[in-house]
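Here is a friendly walk through one protein model. Take a look at the sequence and the structure first, and then we'll go through what stands out.

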Amino acid sequence: WNTETGQCNLTLTGHFGWVTALCVVGDGLLASGSYDKTIKIWNTETGQCDVTLSAHSELVVSLYVSCEGRLVSRDRYGSVFVWDLSTGFGSEVSDASFLSTAVTCQQVSSSLASPYC
């Protein structure tokens, strides 16, 4: 959206379910999580999906970027994956006690840095 005019600049199409989480993951990149159990990494300039991440067995409810630049995702039953966006590889975290079950935040700039940094 153009915040000055209220006009839609770009529509991202590709999930097969409702989008339930969004997170800025870098300059010009946006991550979206969905009811379709996937995470898509979008190029916000072109509107193209650069990669689809699949590992969750339930809908993705939250996304977060760690201080190390890794994407952290959680599904509705609490399974947490940490993704290396350079490889697209995700690994499940067995002890996610560092995350609240209500984590739905995102880091959008250094001034809003994660309390874990």
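This is a predicted model: local features need pLDDT of at least 70, side-chain atom pairs count only at pLDDT 80 or more; totals for chains, interfaces and linings use all residues.

Strands here are DSSP runs of at least two E residues, helices are runs of at least four H or I residues, and both are numbered from the N terminus. With that in hand, the layout of the protein chain reads β-β-β-β-β-β-β-β from the N terminus on.

The protein chain has 117 residues, and buried ones make up 34% of them. Take the contacts between residues at least 6 apart in sequence: 32% of these join residues at least 24 apart.

Let's start with the loop between strand 2 (29-34) and strand 3 (38-43), which is where D36 sits. K37 is in the loop between strand 2 and strand 3 too.

What D36 does have is a polar contact of 2.6 Å between its side chain and that of T38. Its backbone nitrogen is also reached, at 3.0 Å, by the side chain of S34. Setting aside neighbours within four places in sequence, D36 is in contact with H15, F16 and G17.

S34 itself belongs to strand 2. With a relative accessibility of 0%, S34 counts as buried. Beyond the residues up to four places away in sequence, S34 touches H15, G17, W18, V19, T20, L59 and V60.

Most residues other than glycine have a negative phi. K37, though not a glycine, has a positive phi of about 75°. Leaving out neighbours within four places in sequence, K37 is in contact with H56, S57, E58, L59 and V60.

**The salt bridge**

How many salt bridges does a search of the whole structure find? The search turns up one. E58 and R76 form a salt bridge, with their closest N and O atoms 3.0 Å apart. E58 lies in the loop between strand 4 (49-54) and strand 5 (60-65), while R76 lies in the loop between strand 6 (71-75) and strand 7 (80-84), so the pair ties together parts that are 18 residues apart in sequence. As a general point, side chains of opposite charge can pair when their charged atoms come close.

R70 is found in the loop between strand 5 and strand 6. Not counting residues up to four places away in sequence, R70 touches Y64, V65, V82, W83 and D84.

| Residue | Relative accessibility |
|---|---|
| K37 | 37% |
| R70 | 40% |
| R76 | 45% |

Two of these names also turn up in pairs that are separated along the sequence. R70 and D84 are 14 residues apart in sequence, with their C-alpha atoms 5.4 Å apart in space. K37 and L59 are 22 residues apart in sequence, and from C-alpha to C-alpha they are 4.4 Å apart.

**The largest pocket**

Last stop: the largest pocket, which holds about 350 Å³ of space. There are 14 residues lining the largest pocket, and those closest to its centre are W1, L10, L12, L30 and T44. Which strands each supply at least two residues of the lining? Strand 1 (19-26) does, and so does strand 2.

Notes
Residues are numbered from 1 along each chain as its sequence is written. Side-chain values use heavy atoms; hydrogens and water are left out. A polar contact is a pair of N or O atoms within 3.5 Å; within protein, one must be able to donate a hydrogen and the other to accept it, and residues adjacent in sequence count only if both atoms are side-chain atoms. Contact means heavy atoms within 4.5 Å. On a 1 Å grid over the protein atoms alone, a cavity is a set of points where a 1.4 Å probe fits but cannot get out, and a pocket is an open set with protein on both sides within 12 Å along at least five of seven lines; lining residues have an atom within 4 Å of a point. Grid points are joined across faces, edges and corners, and a volume is the space filled by probe spheres set on the points. A salt bridge is a side-chain nitrogen of Lys or Arg within 4 Å of a carboxyl oxygen of Asp or Glu. Buried means under 20% relative accessible area, exposed over 50%, partly exposed in between (1.4 Å probe, protein chains only).
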